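Morning, everyone. I have one structure to walk through, and I'll keep it quick.

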Amino acid sequence: MISEQKTANVSLESLLRIFTVPEGPDSTLTQIEEELSRNLNKFLREHIVAEEKPLRDIEKDFSYASIPEQPEFVSDHTQHLLDKLVSQSVHTSAPSFIGHMTSALPYFLMPLSKIMIALNQNLVKIETSKAFTPLERQVLGMLHRLIYQKDDGFYSQWMHSANHSLGAFCSGGTIANITALWVARNNALKADGDFAGVEKEGLFRAMQHYNYDGLAILVSERGHYSLKKAADVLGIGQQGLVPIKTDVNNRICPVDLQNKITELKAKRIKPFAVIGVAGTTETGNIDPLADIARVCQKEQCHFHVDAAWGGATLMSNNYRSLLSGVELADSVTIDAHKQLYIPMGAGMVLFKDPNSMKSIEHHAQYILRRGSKDLGSHTLEGSRSGMAMLVYAAMHIISRPGYELLIDQSIEKARYFADLIEQQPDFELVSKPELCLLTYRYLPAHVRVALEKADPARQELLNELLNELTKFVQKRQRETGLSFVSRTRLNPARWNNLNTIVFRVVLANPLTTCDILQSVLEEQRQIILSAPKLMGRIEALTKEINAN
């Protein structure tokens with residue numbers, strides 16, 4: 001006898017139920033909640049499959065473009081998500097997932113996230129976030145103090161001031177950087193005489209009034225791609241984002257910065273902002289922030305530090321000095337969803353001067369009224385969730401000394417891995433870790449000798465073959481699903497600035513062990529054995545070069 005399949009019906013009663021009544025104790029959703037609460041990592045490990053499924057096959061599971069006419073039971077749909085979505089998701093919290101800036105999360109964020117979602121506060125205005133607004137202002141104050149170290153009186157005066165803001169919560173570093181540069185642009189082209197300001201009259205009128213032929217933002221060659229978006233959105237144009245040379249350690253050259261500013265001003269181009277990077281995305285290096293600050297003070301440029309990645313290092317008294325000079329910045333970006341171990345969607349921009357954000361202040365009649373403490377009056381985004389609650393909770397539960405331990409172990413683990421790579425006869429450390437990022441590649445000793453002695457043409461050819469090998473290994477390692485490293489392209493000075501593809505690892509996950517790091521190298525060696533044709537070409541060219 002075939003049992004009849006139950007189907008859900010559309011009715012007001014059933015709709016009210018999903019708004020008010022939780023699933024039963026034996027439901028799929030309830031079981032998931034219990035598993036997540038007991039052991040978050042175990043749940044993810046068991047439900048995310050290791051073997052990679054081709055993207056085109058996953059797309060087939062999500063190819064129906066019509067909104068369903070028939071409702072599903074919650075548990076049935078939950079099982080569907082487990083089978084089709086969760087199983088093929090990226091296991092970003094796995095200890096062997098060391099290729100990107102996404103890490104494991106503290107377990108307590110799961111139940112706290114449920115509270116945040118249930119409250120469904122909208123931080124654009126105080127009418128929908130009465131308690132969350134002062135909490136967010138406090139979190140901004142705590143991060144502001146971490147950077148600028150002002151006294152109690154400063155925060156008593158400014159932290160909850162209705163007419164001022166120490167910064168803004170954003171969905172991430174991109175919006176934070178755009179916000180900082182938006183403020184910098186508006187302050188550089190502020191109201192003057194009969195000119196009402198760029199925010200009122202636009203860029204064309206602003207350029208006419210100030211007699212500029214262009215605007216420029218200066219940043220190192222290693223600046224984040226989000227800065228191109230910022231230049232585009234703010235009307236400066238991507239060509240107005242001027243790259244500055246970096247040294248062998250991927251840090252901006254202050255002399256070249258000064259020279260570029262002088263050149264721009266001679267062409268009547270206004271360099272209104274300079275960006276220092278505290279933790280480059282590719283190599284984790286930190287620009288000489290104090291030197292940049294001196295140039296900015298001399299030239300009256302807004303000094304912004306993109307510390308989306310490295311800003312959390314300020315939590316460590318042992319490594320805080322790596323960001324020396326950050327306190328001289330006019331604005332700083334920090335991403336809480338990186339090394340503060342918060343879920344995605346928690347970026348911040350902090351401003352040294354509580355008056356800075358007045359240049360982008362907006363008001364409306366039904367919200368964001370003058371004199372109110374509505375946070376939306378100083379943010380690019382309107383409606384926002386209460387992610388500040390999770391940052392607030394983490395800073396209290398983990399505490400600064402706790403973050404110090406996490407930061408310290410990540411930096412020390414990166415140094416361990418760098419030392420391990422340098423001990424191997426068949427790997428080359430390409431960039432040493434300043435924070436917890438490093439890059440390397442497969443380069444056996446005899447191939448290295450050939451690369452050193454080859455003429456320019458054959459050196460480039462051999463280097464390209466090594467690039468092919470790096471790409472092959474990285475892709476195969478990802479597909480196998482045991483571990484993951486990313487890859488990027490650098491121009492190492494020791495190899496005549498050749499375009500060099502390298503493995504890139506980020507060691508922020510506290511669950512990553514030294515044994516795992518050793519196994520990553522061993523897995524890469526095994527993958528190389530599965531590429532005999534490519535290795536044969538490398539060996540043949542190496543033999544030819546070394547024979548001469």
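Helix α1, residues 12-20, gives the largest share of a nonpolar patch, 5 residues. The patch covers about 820 Å². Its members are Val 10, Leu 12, Leu 15, Leu 16, Ile 18, Phe 19, Leu 29 and Val 74. Keep in mind that this is a predicted model.

Take one of those residues, Ile 18. Ile 18 sits in helix α1. Is Ile 18 buried or exposed? Its relative accessibility is 57%, so Ile 18 counts as exposed. The cut-off for that class is over 50%.

Next, the annotated lysine. UniProt, in an unreviewed entry, places the feature "modified residue: N6-(pyridoxal phosphate)lysine" at Lys 338. Where is Lys 338 in the fold? Look at the loop between β6 (331-335) and β7 (347-351). Lys 338 has 16% relative accessibility, so it counts as buried. The threshold there is under 20%.

What does Lys 338 touch? Leaving out residues up to four places away in sequence, Lys 338 touches Met 101, Ala 308 and Trp 309. There is a polar contact too. The side chain of Lys 338 meets the side chain of Asp 335 at 2.6 Å.

Now salt bridges. How many does a search of the whole structure find? The count is 23.

Pair one is Lys 60 with Asp 57. Their side chains form a salt bridge at 3.5 Å, N to O. Both residues lie in helix α4, residues 55-60. They are 3 residues apart, about one turn of the helix. Lys 60 is exposed, at 59% relative accessible area. Asp 57 is partly exposed, at 24%.

Pair two is Arg 441 with Glu 428. The closest N and O atoms of this salt bridge are 2.9 Å apart. Arg 441 lies in strand β9 (residues 437-442) and Glu 428 in strand β8 (residues 427-431), so the pair ties together parts that are 13 residues apart in sequence. Buried or exposed? Arg 441 has 0% relative accessibility and counts as buried. Glu 428 is buried as well, with a relative accessible area of 3%.

This pair belongs to a network. Salt bridges link Glu 428, Arg 441, Glu 452 and Arg 494.

Arg 537 is partly exposed, at 46% relative accessibility. Glu 468 is also partly exposed, with a relative accessible area of 34%.

Stay on helix α17 for one more residue. Asn 463 is in this helix, which spans residues 456-480. At 1% relative accessibility, Asn 463 counts as buried. Which residues does Asn 463 touch? Not counting residues up to four places away in sequence, the contacts are Arg 441, Leu 451, Leu 498, Asn 499 and Thr 500.

To recap. Lys 338 carries the UniProt annotation and counts as buried. Ile 18, in the nonpolar patch, counts as exposed. Arg 441 is part of the salt-bridge network and touches Asn 463. That's my tour.

Definitions and conventions:
Residues are numbered from 1 along each chain as its sequence is written. This is a predicted model: local features need pLDDT of at least 70, side-chain atom pairs count only at pLDDT 80 or more; totals for chains, interfaces and linings use all residues. Side-chain values use heavy atoms; hydrogens and water are left out. UniProt positions are given in the numbering used here, feature names are shortened, and annotations may be inferred rather than shown by experiment. Helices (H or I, at least four residues) and strands (E, at least two) are DSSP runs, numbered from the N terminus. Buried means under 20% relative accessible area, exposed over 50%, partly exposed in between (1.4 Å probe, protein chains only). Contact means heavy atoms within 4.5 Å. A polar contact is a pair of N or O atoms within 3.5 Å; within protein, one must be able to donate a hydrogen and the other to accept it, and residues adjacent in sequence count only if both atoms are side-chain atoms. Patches are made of residues with over 30% relative accessible area and no salt bridge: like charges are joined within 9 Å, nonpolar side chains (Val, Leu, Ile, Met, Phe, Trp, Tyr) within 5 Å. Accessible areas come from the Shrake-Rupley method with a 1.4 Å probe; for residues, only the protein chains shown count as cover. A salt bridge is a side-chain nitrogen of Lys or Arg within 4 Å of a carboxyl oxygen of Asp or Glu.
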